[in-house]
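Here is a short briefing on one structure. Please keep the sequence and the model in view while reading.

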Amino acid sequence: MTLDDGWTRLLAAARRRLEGTSGRLDGKIGLSSPTDAERRVVIGLTGRHRPPDTTRLTVSLLELDRGLRAANGEGLVDALTRLGGPLRDRRGERAAEAAAVEAALATLVSRRHADQPWYEAWRESLTTDGTATRLVRRGDTHLFTQAVAVLDLLPASGIPLPVLAESATGDPKALSTGLLGGLVLRALALREDRDIPQTAEQRRALWDAAGVVVDDLASQVLVLNLPAAGAGLGEWLSHAARLAVPLRVTLHQLVELPVTPQADEIFVCENPAVLREAASRLGRHGAAVVCTEGVPSLACWRLLEAATGARIRWRNDFDWTGLRITGSAIDRLGVTPWRMTAADYLAALTTGPSDALRGTPAASPWDPSLAGAMAEAGRCLMEERLIPTLIEDLRIVSPW
């Protein structure tokens, strides 16, 4: 049987309908803006006249099936199969795909992070944005179990990225590029309450925050007035302190040239503006300062962990990320919060404009009223707002 152009759209619509209903013939199909050829075909199938100005044609699948059988002894399903291949069971395919996605998500069971809100948010995001479905269609569901294996090894303490990849997957290059690294970084971004990284620097910073060394030269910490014992780097730190000149130290230097900071008290700030102002206004009459420049790098942690016996006074911006970082520093180093109370926040709030407080709320165990005050005010305050007060805290009578 040869079918003219009047059949083309009818049969295409019939295939879509049958594939979506598991082959059921009890439905109808319609054509908008039909051609004369299509109109004549439908008139012939139904025996009902349609005028030339008809804007939409409707025909039942049973009528289409009967018409084809009468003309050629071949039903609708057989004709579609002969002309375009077997019909797909799209409903069954969707059900099977949904089951496969559910099975893949069931493998996202972490031994270390299962009770963490960020981990559950990560699992949910893989469903809502279609990532899980795409990986199922690609046949890459093994990446789910690998991603969990990587996350269960984090946070770490200075593990090189290839070593982490080898430990979790058996392939030292598994996290350098590709989908697996992206899956893990999405989870780490939620853990740190950051946006999904878009640049190499943002990706490195996330790995760094999780204790993974991507580049030991890029992992750095900024210091001022911090003398230290130790050949090479210790001498450089001590010389820079005598000159009251800020010095940037890399993780590579700290590993190759270990040091022991020689300060009874170390002040940790987040913003370089604080350190710069201390260098300018106080010089050698300023206390030792370490600047995290945001989330502490591995270099920052390593330097402060070497400061055995020193009292570390720590502060961050008054935002949810700042509270999380301060809490981590207390847990990791036993630091003393510095100007990080509700009273400090409320006093600074009255001194000028502020930005809206965004992100996932965090606790402030050292002063529970701080998190409450921030939530109530709904404003975040950058550290620069407190510079006059912080500089006075950093002032010392006699330099070391």
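A348 touches L381, R385 and L386, leaving out residues up to four places away in sequence (contact means heavy atoms within 4.5 Å). This is a predicted model: local features need pLDDT of at least 70, side-chain atom pairs count only at pLDDT 80 or more, and totals for chains, interfaces and linings use all residues. Residues are numbered from 1 along each chain as its sequence is written, and side-chain values use heavy atoms, with hydrogens and water left out.

- A348 sits in helix α17 (residues 342-349). Helices (H or I, at least four residues) and strands (E, at least two) are DSSP runs, numbered from the N terminus.
- A348 is buried, with a relative accessible area of 7%. Buried means under 20% relative accessible area, exposed over 50%, and partly exposed in between (1.4 Å probe, protein chains only).
- From A348 to I43 the separation is 305 residues in sequence and 81 Å in space, C-alpha to C-alpha.
- A307 lies in the loop between α15 (298-305) and β11 (311-314).
- A307 is buried too. Its relative accessible area is 6%.
- A307 is in contact with P261 and I266, once neighbours within four places in sequence are set aside.
- Between A307 and D4 there are 303 residues in sequence and 86 Å in space, C-alpha to C-alpha.

**The sheet**

- Six strands form an open sheet in the order β7-β5-β10-β9-β11-β12. The pairing is mixed.
- The edge strands are β7 (247-250) and β12 (336-337), and each pairs on one side only.
- Two strands pair if DSSP finds at least two bridges between them. Strands of a sheet pair through backbone hydrogen bonds, either parallel or antiparallel.
- Strands β5 and β7 are antiparallel, with four bridges. Q220 stands opposite T250 in β7.
- V223 has bridge partners in two strands: L247 in β7 and V290 in β10.
- Strand β5 (residues 220-224) also pairs with β10, in the antiparallel sense, over three bridges. L222 has C291 as its bridge partner in β10.
- Four of the five residues of β5 are buried, so β5 is largely enclosed by the rest of the structure.

**Strand β10 and the crossover**

- Strand β10 (residues 288-291) is covered on both faces. A288 and V290 are buried on one side, V289 and C291 on the other.
- Strand β9 (residues 265-269) runs parallel to β10, and four bridges join them. I266 of this pairing stands opposite A288 in β10.
- I266 is also one of the contacts of A307.
- β9, helix α14 (residues 272-281) and β10 make a right-handed β-α-β unit. A crossover is right-handed if, with the strands pointing away from the viewer, the path from the first strand over the helix to the second runs clockwise.

**Helix packing: α14 and α19**

- The axes of α14 and helix α19 (residues 387-394) come within 10 Å and cross at roughly 55 degrees. That makes α14 oblique to α19.
- Axes are lines fitted to C-alpha atoms, for helices over the stretch in contact, and angles run from 0 to 180 degrees between N-to-C directions.
- Angles under 35 degrees count as roughly parallel, over 145 as roughly antiparallel, 65 to 115 as roughly perpendicular and the rest as oblique.
- The crossing of α14 and α19 is right-handed. A crossing is left-handed if the near helix is turned anticlockwise from the far one by less than a right angle, and right-handed if clockwise.
- On the α14 side, A273, V274, E277, A278 and R281 take part. They meet I387, L390, I391, E392 and L394 in α19.

**Helix packing: α10 and α11**

- Helix α10 (residues 179-191) and helix α11 (residues 200-209) pack at an angle of about 65 degrees, with axes 10 Å apart.
- α10 and α11 are therefore roughly perpendicular to each other.
- Their crossing is left-handed.
- From α10, the contact uses G181, V184, L185, L188, A189 and R191. From α11, it uses R203, L206, W207 and A209.
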